[in-house]
Amino acid sequence: MTKAGISVHSLAVVLPSQELKAYLAVQSLFDLWFKRIVSHLRVLLELESRENALNTLSIYIQEFLSMLSTLQEAGLSETVNLADTFFAPGLGPEGMFLKRAITSHLLTCGHSIVLGREASEINVMVATLALLNTPSERKRCRYAIQDKPWPYHHDLCIQGIIKDKDGQTWLPIKEVLCSQFPSTVIDVSTRDVKQSPPFNDHVCRRHDLLTQEIMCLAQEKEDNYYPTREIFQSVDVAESLVHTFLTEVYQLPAICGVRDAFIRQFIRSLESKALTLIKIVEMESNCGRQPLKSNIKKLKQDLGLSLDGDFRIVLATAERLKPGMYMFITGDPKVQNKHVAENLDTF
């Protein structure tokens with residue numbers, strides 16, 4: 001029901017047939033952006049005239065088209081040239097910086113923001129991380145261009161962002177938290193690596209923020225909710241998977257596709273461990289119909305993953321292969337906090 005009476009509305013994307021392949025490559029971005037846009041439109045149609053609602057809708061769509069234009073101009077292809085990465089011939093190991101960057105990138109389900117002053121430095125890191133993403137995910141990644149300081153756009157897998165002349169970058173925290181996945185923030189100028197909260201915490205925050213956004217719009221209030229504490233934390237997690245991978249890949253010759261094959265094998269090994277985890281969980285929970293019998297400690301033992309970072313990397317990979325797996329294994333942090341509070345009350 002709107003002010004104009006009962007009505008049904010729909011949005012259609014009309015494009016030339018020759019652009020179908022390009023559309024399918026970024027269809028998930030359309031889904032994520034338009035779900036949010038449509039939720040706004042439904043509220044606006046209740047509050048305003050249809051004309052005013054459509055005018056506001058046009059602003060949202062223009063922002064979406066702006067994001068797509070950056071992908072068209074600086075987007076990655078499905079294949080990444082090893083010569084454009086830190087694994088190129090003649091380049092030595094980047095030490096702890098690259099290790100922390102790759103580890104955090106895998107922990108945040110292949111989603112990263114790369115900051116810096118020079119587009120060339122940013123793009124080497126973007127290309128390196130993209131090697132660890134699937135070909136379809138690379139179509140949702142964006143290089144940086146020196147003279148084009150594009151803003152942050154939510155739900156891109158990897159994006160390079162140029163700092164301003166003062167060396168500063170403004171990241172819209174709310175938009176970062178409203179993305180489908182958590183994010184790693186890598187500053188190639190300061191060699192700093194931080195990440196937003198883990199996936200299970202991120203999902204709850206995202207739900208709260210999107211709900212708050214719609215409620216404020218419906219009540220015609222300003223949506224000024226922001227986290228009161230630093231949302232990005234430095235990456236400091238014990239792991240061996242990435243450490244071993246980097247140690248071994250730099251021992252291989254960077255010729256005849258040897259390193260490319262080794263990197264692909266590393267990704268396959270992560271996916272194999274993740275599929276094993278998924279099968280274990282499905283068997284023990286009757287495909288999610290029953291609570292999981294094993295705890296996380298037991299799952300680590302079954303997978304031979306003693307370090308927390310290794311298990312979290314495999315868990316994040318499992319989430320990418322089978323959405324919902326992360327939350328099912330780790331649980332809802334809100335429920336956990338409630339149980340902790342209830343237990344404390346009993347003392």
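Modeller: The model is predicted, so local features need pLDDT of at least 70, side-chain atom pairs count only at pLDDT 80 or more, and totals for chains, interfaces and linings use all residues. Residues are numbered from 1 along each chain as its sequence is written, and side-chain values use heavy atoms, with hydrogens and water left out.

Colleague: What makes the secondary structure of the protein chain come to 14 helices and six strands?

Modeller: Helices are DSSP runs of H or I with at least four residues, and strands are runs of E with at least two, numbered from the N terminus. Counted that way, the protein chain has 14 helices and six strands.

Colleague: Why is the protein chain called as compact as a globular protein of that length?

Modeller: The globule rule is 2.2 Å times the number of residues to the power 0.38, and the radius of gyration is taken over C-alpha atoms. For 347 residues the rule gives 20 Å, and the radius of gyration is 22 Å, close to that value, so the description holds.

Colleague: How do you know that E1 and E4 pair?

Modeller: Two strands pair if DSSP finds at least two bridges between them. Strand E1 (residues 112-116) and strand E4 (residues 184-187) run parallel and are joined by four bridges. Val114 stands opposite Ile186 in E4.

Colleague: Why is one side of E2 and of E6 left without a neighbour in the sheet?

Modeller: The open sheet has the order E2-E3-E1-E4-E5-E6, with mixed pairing. Strands E2 (141-142) and E6 (233-234) stand at the edges, each with a single partner strand, so one side of each has no neighbour there.
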